[in-house]
Structure formats: structure tokens, C-alpha cells
Amino acid sequence: MRQAIILLTGIAAAILLSRNIYNIFLVMPDEANQGAIWRIFYFHLPAALTSFFLFYLGAGASIGFLVNKKPSWDRVASVANEIGLTLALITLVTGMIWARIAWGIWWAWDHRLTSYLVCILLYVAYLMLRSAIDEPTLRGRLSAVLSIFASANIILVWKSIEWYRTQHPGPVLSIRNGGGMAPGMEALAYWNVLAIALLMVATFLVRLRQAEVQTEIETMRRYAHAA
Amino acid sequence: MDERNFAYMAYGFIAAWLIVVVYVLTLATREKKLRSELERVRYMIEARDKKSS
């Protein structure tokens with residue numbers, strides 16, 4: 001069943017991504033002020049939104065683990081945070097490349113960029129913490145606490161462009177009362193959010209299966225070494 | 001300016017996909033490692049069970 005879901009979401013993501021990439025590069029015109037570089041937005045935004053969702057999924061699963069003590073919750077949390085971190089890196093790198101052209105600089109220490117960097121560093125710390133502890137229950141408990149703590153930063157990242165004057169552009173999507181994009185341009189952004197999300201569902205399921213096999217190996221190894 | 005603009009757009013997409021590809025490659029490497037580890041542990045258990053019986 002899971003194999004079928006991985007296959008179906010993978011195929012759906014590939015079809016949708018191909019359609020979106022065609023539209024992004026060959027149908028959409030250059031933006032009036034920014035030129036071609038604005039197309040980076042179509043990967044920057046979906047990667048950011050999907051990473052936020054995964055970090056919250058990780059926090060939810062961490063709460064589940066602290067309440068139920070079931071290893072499956074810990075596995076979901078670790079996989080969600082790991083993939084979320086990958087997407088956060090994509091967001092950061094694409095944002096910096098865009099900034100080099102739009103602002104003339106790679107980086108600015110404004111609220112949005114700094115809070116997002118802090119967010120990334122927290123999740124790097126999360127993965128380092130997990131790899132440093134061998135005992136599964138202790139690893140799960142400590143990393144769950146860190147995951148919940150790190151997720152609190154997401155709201156700061158999300159709201160920073162509304163709460164503070166930042167170098168980063170304010171909200172552009174109409175769902176955030178931004179209204180800074182033409183309707184055709186905005187719709188394509190949502191389609192790419194869906195495509196990236198589908199790709200991440202497939203990746204999530206593959207990685208989750210690996211985490212399950214890893215748990216199985218640890219259990220078998222303990223059995224093999226038992227007197 | 002336009003040429004530079006276009007080049008940086010290409011860098012952005014290449015960087016994004018490169019991160020995805022690197023992550024997928026780490027998944028594939030991990031999968032391979034897990035399979036061989038699973039085989040090894042199974043072998044260890046079989047050897048232990050044979051010894052004890």
C-alpha cells in the first residue's frame with residue numbers, strides 16, 4: 001500500500017512539476033522590475049511553506065511521542081524535521097541568490113533572514129543531537145523537546161515581515177492580504193506548492209520506511225547481543 | 001544586467017535542484033547501507049541460534 005502511494009505521489013509530482021516548470025520558464029513573462037530572477041520565487045516560496053508544514057508536523061509528532069512514548073511518533077518527527085531542514089536550505093540558498101540581484105547583497109541581518117537562519121541552526125542541532133545519543137528513549141525524549149522548542153521559532157519567521165520593517169519583501173500572496181502579484185502569477189505559485197508538497201510526501205514515506213528498518217536493525221542487534 | 005539576471009536565475013534553480021539531488025543520493029546510499037546491515041544482523045542471529053541449539 002505504502003509503495004503504491006510513494007509511486008502515485010512521485011508520478012503526480014513529476015507531472016505537475018514538469019507542467020509548472022514549462023509555465024515558469026516558457027509561459028510567464030519577466031517581472032517588470034526584477035526581470036527573469038523573480039522566477040526563483042516559484043521554488044523559494046513552496047520550499048519555505050513545505051518546510052514550515054514539516055517542522056510543525058515534527059513538533060506535533062514530538063508531542064505525540066512525549067505523551068504516548070511510541071517510537072513511531074519519534075520516527076515521524078525525525079523524518080519530518082530532516083526533510084523540513086532540506087527544504088529550509090533550499091529556501092535560504094535560493095533567497096540569497098535572488099537577493100544578490102534584487103538587493104545587490106547576498107545577505108542582510110534583518111528579522112526574516114536572521115530568524116530563518118536561527119530556525120535552520122536549531123534543526124541542524126536537532127539532527128546532531130539525535131546522532132549523538134544511542135539510547136532510543138532518551139534520544140526520542142530530548143530531541144522531542146528540542147523539536148517543540150524549535151517549532152516555536154516558525155511563527156516568528158512567518159510573522160516577521162508583518163511585525164517588523166524588513167529588507168525582505170512584505171507578504172505578496174493575496175491569502176496574506178499581500179496582493180502584490182498578478183492572479184495568473186499567484187496561481188502558479190500555489191500549483192508549485194502542491195507539486196513540491198507531493199514530492200515531499202513521496203520522499204517522506206521513503207525516509208520513514210528507512211527509519212523503520214533502522215529501528216528493526218537496532219532491535220535485532222540487541223537480541224543478537226543478548227546473553 | 002539582463003544577462004546577469006538570467007544567469008543568477010539559472011544558479012538559483014541549479015542550487016535548488018542540486019540540494020534535492022544530494023538529499024536523494026544520501027537516501028539511496030542509506031538504503032544500500034541499511035540493507036547490508038540488515039543482512040549482517042540476520043546472519044548474526046542465525047549464527048547465534050545455531051550455536052545455542
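1. Helices H3 and H4 of chain A. In this predicted model, helix H3 (residues 71–102) of chain A and helix H4 (residues 111–132) of chain A have axes that come within 10 Å. The axes cross at roughly 145 degrees. The crossing of H3(A) past H4(A) is left-handed.

2. Residues at that crossing. H3(A) contributes Ser78(A), Asn81(A), Glu82(A), Gly84(A), Leu85(A), Ala88(A), Leu89(A) and Leu92(A). Facing them in H4(A) are Tyr116(A), Cys119(A), Ile120(A), Tyr123(A), Val124(A), Tyr126(A), Leu127(A) and Arg130(A). By class, the contact of H3(A) with H4(A) has 11 nonpolar, 3 polar and 2 charged residues.

3. Chain A against chain B. The contact uses 25 residues of chain A and 22 residues of chain B. On the side of chain A that touches chain B, H3 and helix H6 (183–225) of chain A are the elements giving two or more residues. H6(A) supplies the largest share, 10 residues. That side of chain A divides into 16 nonpolar, 5 polar and 4 charged residues.

4. Arg207(A). This residue is found in helix H6 of chain A. Arg207(A) counts as buried because 22 other C-beta atoms lie within 10 Å, where 20 or more are needed.

5. Neighbours of Arg207(A). Leaving out residues up to four places away in sequence, Arg207(A) touches Val79(A), Glu82(A), Ile83(A) and Leu27(B). Arg207(A) and Ser78(A) are 129 residues apart in sequence, yet 9.8 Å apart in space, C-alpha to C-alpha.

Notes: Residues numbered from 1 in each chain as written. Chains lettered and ligands numbered in written order. Predicted model: local features only at pLDDT ≥ 70, side-chain atom pairs only at ≥ 80, totals over all residues. Axes fitted to C-alpha atoms, helices over the stretch in contact; angles between N-to-C directions. Helix = DSSP H or I, 4+ residues; strand = E, 2+ residues; numbered from the N terminus. Left-handed = near helix turned anticlockwise from the far one by under 90°. Contact = placed C-beta atoms within 7 Å. Nonpolar A, V, L, I, M, F, W, Y, C, P; charged D, E, K, R; others polar. Buried ≥ 20, exposed ≤ 12 C-beta atoms within 10 Å, placed from the backbone.
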